[in-house]
Amino acid sequence: MSQNEELEQTYEALCVILEDDETFDHVCKEVFKTIDDDGNGHLEWAEIKAFIEKICKEMGMKNNPDDKTMNEVFAELDEDGSDDVSADELKAFLRKLFTSQKEEVAKALNKT
């Protein structure tokens with residue numbers, strides 16, 4: 001599969017996720033469950049850090065984000081400053097993230 005075909009598939013997947021509320025809700029719930037190790041319904045700093053470190057390792061990155069970077073990420077996720085991230089806060093973040101990714105892929109495919 002060519003890079004262009006992969007980008008096209010990514011673009012189509014992001015369109016489906018963002019345009020279909022049921023699909024978007026399902027993706028958000030699955031991401032939340034994956035990160036929420038203790039199952040308490042809130043994401044703590046340590047859970048977010050562990051998840052990001054796991055993703056970095058899977059992507060072959062040798063260095064994990066430092067605590068300063070992690071604090072910045074957590075602060076962006078924790079919109080209400082409650083020191084944990086709710087499902088709604090993660091959902092809002094994922095909508096921004098997926099929208100940004102869709103825009104970047106659209107640019108790469110000259111769809112803008």
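Helix 2 passes helix 5 in a right-handed crossing. Keep in mind as you explore that this is a predicted model.

**Where helix 2 meets helix 5**
- The two helices, helix 2 and helix 5, pack at an angle of about 115 degrees, and their axes are 10 Å apart.
- On the helix 2 side, the contact is made by D21, F24, D25, V27, C28, V31 and F32.
- Their partners in helix 5 are A87, L90, K91, L94, R95 and F98.

**Helix 1**
- Helix 1 covers residues 3-19, which makes 17 residues.
- From its first C-alpha to its last, helix 1 reaches 24 Å, close to the 24 Å expected at 1.5 Å a residue.
- Which residues of helix 1 are buried? They are Y11, L14, C15, I17 and L18.
- Looking down the axis of helix 1, you find its buried residues within an arc of 165 degrees, so they line one face of the helix.
- The cover over these buried residues of helix 1 includes helix 2 (21-35) and helix 5.

**Helix 4**
- In helix 4, residues 67-77, the buried residues include M70, F74 and L77.
- The buried residues of helix 4 fall within an arc of 55 degrees when seen down its axis, so they line one face of the helix.
- Helix 3 (45-58) and helix 5 (87-108) are among what covers the buried residues of helix 4.

Terms used: Residues are numbered from 1 along each chain as its sequence is written. This is a predicted model: local features need pLDDT of at least 70, side-chain atom pairs count only at pLDDT 80 or more; totals for chains, interfaces and linings use all residues. Side-chain values use heavy atoms; hydrogens and water are left out. Buried means under 20% relative accessible area, exposed over 50%, partly exposed in between (1.4 Å probe, protein chains only). Helices (H or I, at least four residues) and strands (E, at least two) are DSSP runs, numbered from the N terminus. The arc is that of the directions from the helix axis to the C-beta atoms. Contact means heavy atoms within 4.5 Å. The expected span of a helix is 1.5 Å times one less than its number of residues. Axes are lines fitted to C-alpha atoms, for helices over the stretch in contact, and angles run from 0 to 180 degrees between N-to-C directions. A crossing is left-handed if the near helix is turned anticlockwise from the far one by less than a right angle, and right-handed if clockwise.
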